[in-house]
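Work through the exercises below with the sequence and the 3D view at hand. Try each task before reading its solution.

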Amino acid sequence: MTTSAERNMTMRYFTIHHDGVTIPVTRSGQGRSLVLCPGLNSTQADLHELAGLLRRDHDVITFDLRGHGLASAADRYSFEAFLSDLAAVLADPERLGLSAAPLLVGYSLGADLAVHYASEHSDVVAGLVLIDGANPVPEPFITKADRPEFRAMWDGLAAQQQARRGTERQVLLTGQEILDVNVEIDAVRSRILDRYRKIDLPISMIMSTSMTGDGGDDRAARFNRNWRAGVERLVREQPRISTTWLDADHRLVFTHAPEIAQIIRSARTAPGTLA
């Protein structure tokens, strides 16, 4: 005989079609609703450990952004296009089976998407947990001088992705497309304080102490100082935001999933009724 807990842990799959792309959605778990938004170059399959831990006491909804995982390719990859993917997932609460506003958890780019979505739709979100993203850094990460090196790095990443084509972990973006999105993210973060000012919800941040690693070179140290300075800048203006620093790099969502899951469980958010 199947218990209610076992039924709640059954994976449910469906797809959303919008803007010419197909977005795969997975739902499983029990407890208050939580939507987990992946970042650039990450998929819901990559977040499987964190999602699995959260399903013990959350009804977890995960999905893939366009060009990632099992989502279809698109003719455009931009911040607004990725934001529209998140909005499409949350557009139909009845289809998702949500009786209360969900906790919105975003990793990296997903954190920025969560902040922008919540700034316009705070009535259908219970709170935010932002993992190593949505940071109003005082300086851009990618300067014009840096672009050739980053382009070469992401060309290499795109080449490695060829081995994952057709799998749930594939990323279809080219090196140039990844670079373009990252440059755009820099611009988005230069204005993101205005988005925070519109949000009247509980917000928790989980940030890495060594975002770009701790290899000891001057540029990595500069990037890491810039990362911390952005959070300190945000908390000075918005002291209600709680922040937890993990001794990790930007891969913290993969290397520190149990710690992150525990922080999310204790996030200062309360279930809310959908408008």
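**Exercise 1.** Sort the residues of the lining of the second largest pocket into nonpolar, polar and charged.

*Solution.* Start with the classes: Ala, Val, Leu, Ile, Met, Phe, Trp, Tyr, Cys and Pro count as nonpolar, Asp, Glu, Lys and Arg as charged, and the others, Gly among them, as polar. The lining then divides into 7 nonpolar, 4 polar and 3 charged residues. Next, locate them. The lining has 14 residues, and Tyr-13, Thr-26, Gln-44, Ala-45 and Glu-168 lie nearest the pocket's centre. Strand E2 (21–29) and helix H2 (48–54) each give two or more residues. E2 gives the most, with 3. The space comes to about 250 Å³.

A note on the source: this is a predicted model, where local features need pLDDT of at least 70, side-chain atom pairs count only at pLDDT 80 or more, and totals for chains, interfaces and linings use all residues. Residues are numbered from 1 along each chain as its sequence is written, and side-chain values use heavy atoms, with hydrogens and water left out.

Pockets are found on a 1 Å grid over the protein atoms alone: a pocket is an open set of points where a 1.4 Å probe fits, with protein on both sides within 12 Å along at least five of seven lines, and lining residues have an atom within 4 Å of a point. A volume is the space filled by probe spheres set on the points.

**Exercise 2.** Which element gives the largest share of the lining of the largest pocket?

*Solution.* First, the size: the volume is about 1,200 Å³. Third, the elements: helices H6 (147–160), H7 (175–189) and H9 (218–237) each supply two or more residues. H6 has the largest share, 7 residues. By class, the lining holds 16 nonpolar, 10 polar and 11 charged residues.

Conventions:
Helix = DSSP H or I, 4+ residues; strand = E, 2+ residues; numbered from the N terminus.
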